[in-house]
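This briefing goes through selected features of one structure, grouped by topic. Please keep the sequence and the 3D view at hand while reading.

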Amino acid sequence: MTTTTTPSAAPAIELKGISKSFGPVQANKDISIRVMPGTIHGIIGENGAGKSTLMSILYGFYRADAGEIWVAGKKVEIPDSQAAIAAGIGMVFQHFKLVETFTVLENIVLGAEDSAMLRPSLARARRELKALADEYELNVDPDALVSDIGVGMQQRVEILKALYRRADILILDEPTGVLTPAEADHLFRILENLRREGKTIILITHKLREIMEITDTVSVMRRGQMTATVKTAETSPAALAELMVGRKVLLRVNKTPAQPGAVILDVADLNVTDDKGVHRLKGVSLQVRAGEVLGIAGVAGNGQSELLEVLGGYARATGRVTMNGRPIDLTGRSSDGQSRRRDGIAHVPEDRQAEGLIMDYAAWENIAFGYQNDARFRRGPLMDHAAMMQDTVDKMGRFDVRPLDPKLAAKNFSGGNQQKIVLAREIERNPDLLLIGQPTRGVDIGAIEFIHQQIIALRDQGKAILLVSVELEEILALSDRIAVMFDGHMMGERDPATTNEKELGMLMAGMTGDPGNVTVTEIERNLAHAGTGTKV
Amino acid sequence: MDLLTLLQLLDSTLRLATPLLLACLAGLFSERAGIFDIGLEGKMLASAFLSAAIAFTTGSVWIGLLAGVGASLLLSAIHGVASITFRGNQLISGVAINFLAAGLTVVIAQSWFAEGGRTPQLAGAARFNPITLPFANELRDVPVLGPIYYELISGHTALVYVALLIVPLSWWVLYSTRFGLRLRAVGENPAAVDTAGISVIGLRFTAVAICGVLCGLAGAYLATALQAGFTKDMSAGRGYIALAALIFAKWKPWPCLWATLLFGFLQALALRPDLITSTLGFSVQTQLLDALPYILTVVILAGFVGKAIPPRAGGEPYIKER
């Protein structure tokens, strides 16, 4: 904590009694916070707790129904983003707001040009960029196209955009969601540099670890209300989790050592070339045994998605795959989701909104989908709605899906509940092998706990589980063995009990060797080239 | 084929390419801002009619031109309100404009002039007349360069030169000005523009208005320069050809010029079947020649000319996210 502010100094930003409703839903209820200059303030809360609404009000996307915003001791009105920028507020969104076909420099200048002609603005931006890069470790190539640089670099461009606009208050919304551990570390170093220079940072996240690591003070939001504001040094992850969810939460997955049985899935020399002729999987081999979780780590876009797609039956490949000792068709007529289900494979896809669910369909339709030909769901040539409905209500009950309304469209459930719907459908079919991709992406901490417990329970029933996740923490928590993918290759396997994030981070960057001799910067440089990073 | 014939062919290429070029640049501004505009055709037609009608009534082609641009701008405004303000489907709005223009022009022309849905022939100051550039006559006899200057470069109507000047102007506006940077950004990622504190709606309406002005020039050129008056459906698919040229040009100003010159050349060729016969030694059916630009359009639209990546946010109304 490097703050040197005296008690008399005005807060960098202060919200007084902010309220905002959308129809009957009260997104923000009488919220007040004070953030002192030169500090990092965390705002933590589950999805739908109202964090984003609050930040949208601060950045001029919404107008609050009631309440006041004070910046550096002065009351301000923020009717639009222009006003927010003028008040010295900069925002780094979770989904970057960059023009991919523009260079870094053009993106930085956009909207902050000095005059009607571009050339002088670009020249000034180039000079300032160099100064900012030296000051804050924010190195980017000003002439690179945004589409050619990695996500970590794109995020730096977003931060530079805010600094170029003379922002003193920087709001970052879930900044590490798309970053690898090494990139996240670099981001935190940048934030510390910014704090040292007196900038005020508001960090919105649902990751407790980040709050504990970098913030000075933290506010917890739940159901539109600010439930607590505390000094980070005086709290603990468990206490924060309880404030967020409103009950005690298990942050660690309780599991006993695996009892691996027979080989269920055996993959040998799998190769995939995509439509553009890019070689996506290069001779991948792996085995998953009954009663164990094989976790696959890697930066997004290094072949994990293709692996799941092939095993799930909707991408073509060459190689040899056996399931319970029987070969699986990878190219022919019986290479589709239906045949895979008959082979005993269930699949929870990486992107539940695009692949796992039909967002406009009701929960009961989504739960029956794929299994609509089962005898129990049929009455002659027709579907048995009543049976499907009853089945859905049962599953939603067992998986604690809220609200328990089988007729509600999938898009109206929260991320965690959507994921539970997919899980209920796939797990309850009693598969031999569960493929599960990004099981807790965009899922609340309470639901994460539940989903992790379900995965371990399934393992303990003696099922084989192939887990793909870009969250290293998740891989480490759930896996019995960890394999790392890089550029379509398997980089090797590690035992979660003996490995660590740095070693895995190196493998994810395609580097082998002694972790002791490698610096974080080197890993980072390699990671920037690992995968597209955008296919998340 | 001798030099003079070649120059005449290129001369008519230039004349025929002009409305395509103007419409193509019109589409360029609109689509670069993320608003697909299939209604170039309708706007040209509306402008062609009103410019001819007003030029005939007032006897001044310049007042006619203004009226034509006004008509085109009005249709642009409809497209803008439908697709920007009300976030409607841009293709449907464009198609509606085309139908509206095709029908209204003939009906109004009939009730106004009662000449079978056309305007009376324009003459004198009610038409754009060729401009002879300085020294064209004097230099006419200089070998090679003289004929090129006299036949090809000199002797066009004002709008031809205007259209040619708009190419570098567009390039400069798009790539060297603040407005151009923002316009290109709003067609790629309107959210980036919005969060930078710039009005997405304002930028898109401006782009659509520029599109309207250029389409208006194209239409007025058809009725008051290329032809002498309005006839039913006289735009004859030029709006669609311009769209194909725009894709061919990959949404860039200079390639727009080359693409529309190619189409203009094919149209010029169709007017001189005798040249084909004398050059190739056999005759090609005139119907086939007439069809050539349209065949090329289909080929281009079917994607046979390499990968053309349209502006990423093209066709999608911008909805502010939370």
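Over all chains, the structure holds 12 aromatic pairs; rings of Phe, Tyr and Trp (its six-membered ring) pair if their centres lie within 6.5 Å, and planes under 30 degrees apart count as stacked, over 60 as edge-to-face and the rest as tilted. The rings of Phe49(B) and Phe230(B) are edge-to-face, because their planes stand at 75° with the centres 5.3 Å apart. This is a predicted model in which local features need pLDDT of at least 70 and side-chain atom pairs count only at pLDDT 80 or more, while totals for chains, interfaces and linings use all residues. Residues are numbered from 1 along each chain as its sequence is written, chains are lettered from A and ligands numbered from 1 in the order in which they are written, and side-chain values use heavy atoms, with hydrogens and water left out.

**Aromatic residues of chain B**

- Phe49(B) lies in helix α2 (residues 40-58) and Phe230(B) in the loop between α9 and α10 (238-248) of chain B, so their pair ties together parts that are 181 residues apart in sequence. Helices (H or I, at least four residues) and strands (E, at least two) are DSSP runs, numbered from the N terminus.
- Phe49(B) is buried at 3% relative accessibility, and Phe230(B) is buried at 0%. Buried means under 20% relative accessible area, exposed over 50%, and partly exposed in between (1.4 Å probe, protein chains only).
- Trp112(B) and Phe113(B) make a stacked pair, with 4.9 Å from centre to centre and 10° between the planes. Trp112(B) is partly exposed, with a relative accessible area of 39%, whereas Phe113(B) is buried at 14%.
- One aromatic cluster is formed by Phe49(B), Phe56(B), Trp112(B), Phe113(B) and Phe230(B).

**Charges over rings in chain A**

- The charged end of Lys97(A) sits over the ring of Phe93(A), 5.0 Å from its centre. A charge sits over a ring if NZ of Lys or CZ of Arg is within 6 Å of the ring centre and within 35 degrees of the ring normal.
- Arg376(A) lies over the face of Phe377(A), and its distance from the ring centre is 4.3 Å.

- Helix α5 of chain B spans residues 145-153, and its buried residues are Gly146(B), Pro147(B), Glu151(B) and Leu152(B). They pack against α1 (3-32) of chain B, where contact means heavy atoms within 4.5 Å.
- After α5(B) comes Gly155(B), with a positive phi near 85°.
- Helix α6 of chain B (residues 158-176) has 19 residues and reaches 26 Å from its first C-alpha to its last, close to the 27 Å expected at 1.5 Å a residue. The expected span is 1.5 Å times one less than the number of residues.
- At Val167(B), α6(B) bends by about 25°, and Pro168(B) follows within four residues. The bend is the angle between axes fitted to the seven residues ending at a residue and the seven starting there.
- Among the buried residues of α6(B) are Leu159(B), Ile166(B), Val167(B) and Ser170(B). The helix's buried residues pack against α1, α3 (61-85), α7 (178-188), α9 (200-226) and α11 (253-271) of chain B.
- Ser170(B) is buried, with a relative accessible area of 2%. Leaving aside residues up to four places away in sequence, Ser170(B) touches Leu25(B), Phe29(B) and Pro253(B).

**Backbone geometry**

- Most residues other than glycine have a negative phi, and most peptide bonds are trans.
- Arg87(B), in the loop between α3 and α4 (90-113) of chain B, has a positive phi near 55°. Arg87(B) is partly exposed at 45% relative accessibility.
- Ala114(B) has a positive phi of about 50° and is found in the loop between α4 and α5 of chain B. Ala114(B) is exposed, with a relative accessible area of 56%.
- A cis peptide bond joins Arg402(A) and Pro403(A), with omega about -5°. Pro403(A) is in the loop between α13 (385-398) and α14 (415-427) of chain A.

**UniProt annotations**

- In an unreviewed entry, UniProt gives "domain: ABC transporter" for residues 13-248 and 265-512 of chain A. UniProt positions are given in the numbering used here, feature names are shortened, and annotations may be inferred rather than shown by experiment.
- Residues 13-248 of chain A are 36% helix and 27% strand, with the end C-alpha atoms 32 Å apart. Residues 265-512 of chain A are 34% helix and 26% strand, with the end C-alpha atoms 27 Å apart.
- For chain B, UniProt (unreviewed entry) lists residues 46-79, 91-113, 148-174 and 291-310 as "transmembrane region".
- Residues 91-113 of chain B are 100% helix and 0% strand, and their end C-alpha atoms are 33 Å apart. Residues 148-174 of chain B are 85% helix and 0% strand, with the end C-alpha atoms 32 Å apart.
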